[in-house]
Structure formats: C-alpha cells, structure tokens
Amino acid sequence: MEKLTYTHNEAAAKVLASFYDTPPLAYVRSYGCQQNVNDGEKIKGVLQDVGFGLCDNVEHADLILFNTCAVREHAEQRVFGNVGALKKLKEQNPRLIIGVCGCMAQQAHIVEKLRQSYPYVDLVFGVDGIDRLPAMLAERISRGKRYLEKPEERNAVVEEMPIRRDSGFRAWLPIMYGCDNFCTYCIVPYVRGRERSREPAAILAEFKELIAQGYKEITLLGQNVNSYGKGLAEKVDFSDLLNLLCTVPGDYQIRFMTSHPKDASRKLIDTIAAQEHLCKHIHLPVQSGSDRLLKEMNRHYTVAQYMDLVDYAREKIPGVTFSSDIIVGFPGETEEDFEATLDLIRKVGYMQLFTFIYSKRTGTPAAKMDDPTTHAEKAARMDRLLKTQDEFAFAATAAMAGQTVRVLVEAAGRTPGTVNGRLDNNLVVEFQAPECLIGQWAQVHLTGSRAALLVGELVRE
Ligand code: SAH
Ligand code: SF4
Ligand code: F3S
C-alpha cells in the first residue's frame with residue numbers, strides 16, 4: 001500500500017487562475033454514505049486550495065461535480081437524471097465544467113455510458129482521484145478535451161488532505177478505506193477497493209485537531225470498523241483505537257459505523273461500556289434473520305451468534321440501543337426467510353432500521369442468482385417489515401417520556417420556534433429553544449412523542 005501526503009499543486013492553480021477572469025465557483029454534491037460525504041468535504045477542501053469558491057446553486061457554478069454512490073440502482077438513476085438536467089446549462093455556458101466522480105465512476109460500464117451518452121460531461125474520476133483533482137482540471141482546461149479516467153484501483157492512503165467540513169460541531173473521521181468482505185449483493189468492495197487502515201497517529205492527530213476546534217461529535221468511519229488495524233505494522237485493533245482516542249480530554253462524544261457483526265468482539269462491547277465518550281448505541285447491520293440467506297449473502301455469522309452479541313451488549317451496557325440495515329427480497333428469499341427476519345426484529349427491538357429492497361448490482365455474485373419473487377411481492381414484504389418496526393419503535397420512543405437527557409442540538413425543528421437535538425441513542429427530540437443553541441449541548445426533559453420523534457422541554461440550568 002502506498003502512503004502519500006497531499007501537496008498543493010502550484011502549477012495547476014496557475015492554469016486555473018489564468019483561465020478564469022474572476023475567482024471561479026464550484027458546486028459539489030455528494031450522494032451515498034458518510035464516507036462519500038467526507039470525500040465530498042475533501043473535494044471542496046482541495047478545490048478551495050487551488051482558488052475555487054463554493055456555491056450551492058448550479059446556475060452560479062463554473063464547475064459542477066457529482067460525487068456519486070453505486071450501492072443501489074436507484075442511486076445511480078438519480079445521478080443520471082441530475083446530470084441530464086445540466087445539458088441546458090452547458091449549452092448556455094460552454095466554459096462550464098461538469099464532472100462525475102465517486103463510486104459510480106469506478107465502474108467501466110458507467111464511464112462508457114457517460115462517454116457515449118453524456119458528451120457534456122467533461123471530467124470523470126474515481127474515489128482515489130481527489131488529491132489529483134487540480135491536475136485533472138488543469139489538464140482538462142489546457143487541452144480543451146474531455147478528461148475521463150479509466151476506473152482503476154490505486155491502493156493508497158493520502159494524508160493531510162485539505163478539507164472543508166459541512167458542519168462546525170459534527171465531524172466524519174475515516175479510520176479505514178475499502179472493504180474486503182464481498183457480501184454477495186454488494187458493489188462496495190469492487191468500487192472502493194481493498195481494505196486500508198490509517199495509522200493510529202494520523203487518526204489521533206486529526207481527532208485532536210477536531211476537538212481543539214470545538215467539534216462535539218466525531219463519527220469514525222469504515223465499511224467494517226471492526227477489522228481496523230489489519231495490515232498495519234503496529235499491532236492495534238478497533239477497541240485499542242477507541243481507547244486511544246478517549247484519552248483526549250474534552251466534552252465530546254464518539255460514534256462509529258459500520259460495525260460488521262462477524263467481527264464485533266466482546267472486547268469492543270466492554271470498551272463501549274467502559275468509555276464515557278462512546279455513545280451507548282450500536283449500529284449492527286444484520287441484513288436478514290434467516291441463516292440460509294445470511295450464508296447466501298456471505299455474511300459469516302448466524303442469527304444465534306448475532307443474538308449472543310446483542311445479549312452480551314445488553315448485559316454490559318445498561319440502556320444500550322441498536323439500529324440495523326435490512327435487505328428485503330434478496331434473490332430466492334422465501335416467505336419463511338422473510339418471517340425469520342420479522343422474528344429477529346421483534347426479538348432485538350431496534351430503535352431504528354434502515355431498510356432496502358434488494359437491488360441487483362452488475363458484477364456481484366448475487367446478480368447471477370435466481371430471483372423469482374416479483375417486485376410487488378417484495379414491496380408488500382417491505383410494508384410488513386416497516387409496520388412491525390414502527391409498532392416497536394413508536395412504543396419504545398413513547399416510553400422514554402419522563403426522562404431528562406442530554407442532547408446535541410443539530411438543526412432547526414419542523415415546528416416554528418423549535419430545534420432538534422440528538423440523543424445518545426440516536427433518537428431525535430424536538431423542543432422549543434432558540435436556534436443559537438444549534439451546535440451546543442442541552443438538557444431536555446422528554447414529555448412525549450410523535451411517531452419516531454420525541455418531544456420535550458429545554459431544562460434551564
Ligand atoms: N459496510 C456496511 C454497509 C454499507 S452499504 C455493512 O456491512 O453493514 C449500506 C447498506 O446498504 C447495507 O448494509 C445494505 O443493507 C444495503 N445494501 C448494500 N448493497 C445492497 C443492494 N445491492 N441492494 C439493496 N441494499 C443494499
Ligand atoms: Fe458491502 Fe458487506 Fe463490505 Fe458492507 S461489509 S460494504 S455490505 S461488502
Ligand atoms: Fe455508495 Fe460508495 Fe458509500 S457505493 S454507500 S457511496 S461506499
């Protein structure tokens with residue numbers, strides 16, 4: 001694996017400065033997971049480093065970049081739709097540069113489609129191209145030709161990238177890149193390449209900087225944080241990393257995602273129990289409650305093993321809550337398999353579920369499996385799943401009334417005059433308070449709930 005450090009590209013900055021009469025503006029939109037959102041923040045940082053300003057209206061932009069997600073077909077269709085809508089802008093302003101990057105751009109058939117059917121897309125590069133973006137832009141400008149990179153794997157970690165974070169109080173902190181798990185439905189290992197962990201020292205330095213800047217919530221990112229440390233010279237695992245970060249003094253909380261159940265250890269749960277800075281909430285994607293399907297999915301755990309972990313966490317971490325990802329309609333899913341998923345959901349009692357109807361991804365093993373269930377049947381199963389989940393979650397949310405909790409105030413609420421705060425367990429409470437509280441901690445007395453949303457009152461200290 002290559003270890004690289006970002007350096008400012010003076011030559012590219014000069015090309016850009018001489019091309020634009022006034023400082024150019026970039027519009028950057030990220031789709032998909034937090035990892036991609038964090039990449040989008042780095043893209044913005046790199047663009048600022050070579051003289052771009054940022055804007056949030058495509059009509060004002062000199063450069064439009066879509067940082068894409070390939071995890072489901074729907075995500076890809078949205079991008080093609082949004083790119084298609086830019087054709088007019090390009091006709092009006094031929095100097096406009098339109099780029100597509102991220103996970104979709106790692107797939108040869110997508111790059112080919114962009115090449116052939118979207119001639120107004122000028123720039124295409126994959127997930128490992130961000131540090132080279134200034135050079136690519138300079139090349140596109142000086143040659144006047146489209147710059148479409150072939151998807152390839154770089155197997156590198158680039159440190160010290162400039163970054164322009166979207167929030168001043170919540171930050172994403174990647175601890176590793178890529179995925180080696182090859183769940184049979186999933187495109188991520190093909191587009192994100194092999195697993196690469198960052199050095200603990202680099203993570204710690206970024207973490208300290210965030211805390212010094214006043215960030216209150218740090219979410220550690222990786223497709224499977226539980227395999228953190230593999231391949232590093234230093235012998236370190238994810239729990240060791242958590243313990244290291246928790247030595248940094250300050251009033252902050254740490255979340256992480258995603259924790260793959262096959263590698264979630266008792267040591268990890270003991271660590272969550274012991275460290276005050278760690279949220280007592282675990283996102284533990286199960287995908288299915290059928291052992292047969294878990295095997296077909298290549299998940300490497302059984303329902304019994306998963307339940308052991310949940311029970312152990314419940315025993316060690318008082319009040320711990322769980323959330324999960326579920327796929328409905330994996331190829332060959334029977335009514336019996338599906339009911340096993342419903343059973344599991346009832347047994348665990350998740351605070352939140354992220355549910356997806358299976359989407360066929362070209363190049364993955366599941367794409368070749370028989371899939372006789374109709375979309376209508378899958379959609380009907382999804383409805384039943386959501387009903388089962390809502391029954392539990394709405395009741396569990398309502399049962400929290402009466403408690404006083406500490407929340408991080410995140411945004412304005414839907415009801416005028418209110419704000420939303422997030423609890424340790426990831427639920428959201430709406431309460432009357434001025435917007436100047438956004439980004440601060442607040443004590444809230446919970447008075448009731450509306451569906452999955454808690455309502456409460458600010459406790460004045
Ligand atoms: N690394 C994480 C998941 C990343 S993708 C993990 O292993 O848990 C986020 C979620 O998208 C997955 O958990 C899965 O539920 C869903 N997903 C991935 N591929 C999918 C597909 N082909 N169809 C439907 N959902 C999918
Ligand atoms: Fe996809 Fe599985 Fe890797 Fe998660 S662990 S990103 S679901 S292959
Ligand atoms: Fe999507 Fe890529 Fe993330 S495929 S879910 S943006 S890793």
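**Entry: H13 and H14**

I began with helix H13 (residues 335–348) and helix H14 (residues 375–398), whose axes come within 10 Å and cross at roughly 15°. That angle makes H13 roughly parallel to H14, given that angles under 35 degrees count as roughly parallel, over 145 as roughly antiparallel, 65 to 115 as roughly perpendicular and the rest as oblique. I noted the crossing of H13 and H14 as right-handed; a crossing is left-handed if the near helix is turned anticlockwise from the far one by less than a right angle, and right-handed if clockwise. On the H13 side the contact (heavy atoms within 4.5 Å) uses Glu335, Phe338, Glu339, Thr341, Leu342, Ile345 and Arg346, and on the H14 side Arg381, Arg384, Leu385, Thr388 and Gln389. Sorted by class, the contact of H13 with H14 holds four nonpolar, three polar and five charged residues; Ala, Val, Leu, Ile, Met, Phe, Trp, Tyr, Cys and Pro count as nonpolar, Asp, Glu, Lys and Arg as charged, and the others, Gly among them, as polar.

**Entry: basis of the values**

This is a predicted model, in which local features need pLDDT of at least 70 and side-chain atom pairs count only at pLDDT 80 or more, while totals for chains, interfaces and linings use all residues. Residues are numbered from 1 along each chain as its sequence is written, chains are lettered from A and ligands numbered from 1 in the order in which they are written, and side-chain values use heavy atoms, with hydrogens and water left out. Helices (H or I, at least four residues) and strands (E, at least two) are DSSP runs numbered from the N terminus. Axes are lines fitted to C-alpha atoms, for helices over the stretch in contact, and angles run from 0 to 180 degrees between N-to-C directions.

**Entry: two further helix pairs**

I next looked up helix H1 (residues 10–19) and helix H6 (residues 133–143), which pack at an angle of about 45° with their axes 8 Å apart, and which are therefore oblique to each other. Their crossing is left-handed. Ala12, Val15, Leu16 and Phe19 of H1 meet Pro134, Ala135, Leu137, Ala138, Ile141 and Ser142 of H6, and this contact of H1 with H6 divides into nine nonpolar, one polar and no charged residues.

For helix H9 (residues 238–245) and helix H10 (residues 266–274) I found axes that come within 9 Å and cross at roughly 15°, so the two are roughly parallel to each other. H9 passes H10 in a left-handed crossing. Phe238, Ser239, Asp240, Leu242 and Asn243 of H9 make the contact with Lys267, Leu268 and Thr271 of H10; three of these residues are nonpolar, three polar and two charged.

**Entry: backbone exceptions**

Most residues other than glycine have a negative phi, and most peptide bonds are trans. Glu160, however, has a positive phi, near 60°, and is found in the loop between strand E8 (156–159) and strand E9 (170–174). I also noted a cis peptide bond joining Met257 and Thr258, with omega about 5°; Thr258 is in the loop between strand E13 (253–257) and H10.

**Entry: ligands**

Around ligand 1 there are 15 residues, of which Tyr185, Gln223, Gln287, Asp325 and Ser359 come nearest; a residue is near a molecule if one of its heavy atoms lies within 4 Å of it. An oxygen atom of ligand 1 is 2.7 Å from an N or O atom in the Gln287 side chain, and a polar side-chain atom of Asp325 lies 2.6 Å from an oxygen atom of ligand 1. At Ser359, a polar backbone atom is 2.8 Å from a nitrogen atom of ligand 1.

Ligand 2 has around it Cys179, Asn181, Phe182, Cys183, Tyr185, Cys186, Val188, Pro189, Gln223, His260 and Arg299, a shell of seven nonpolar, three polar and one charged residues. Ligand 3 is surrounded by Cys33, Asn36, Cys69, Ala70, Val71, Cys103, Arg192 and Gln223, with five nonpolar, two polar and one charged.

Note on methods:
Polar contact = N/O pair within 3.5 Å; in protein donor to acceptor, adjacent residues only side chain to side chain.
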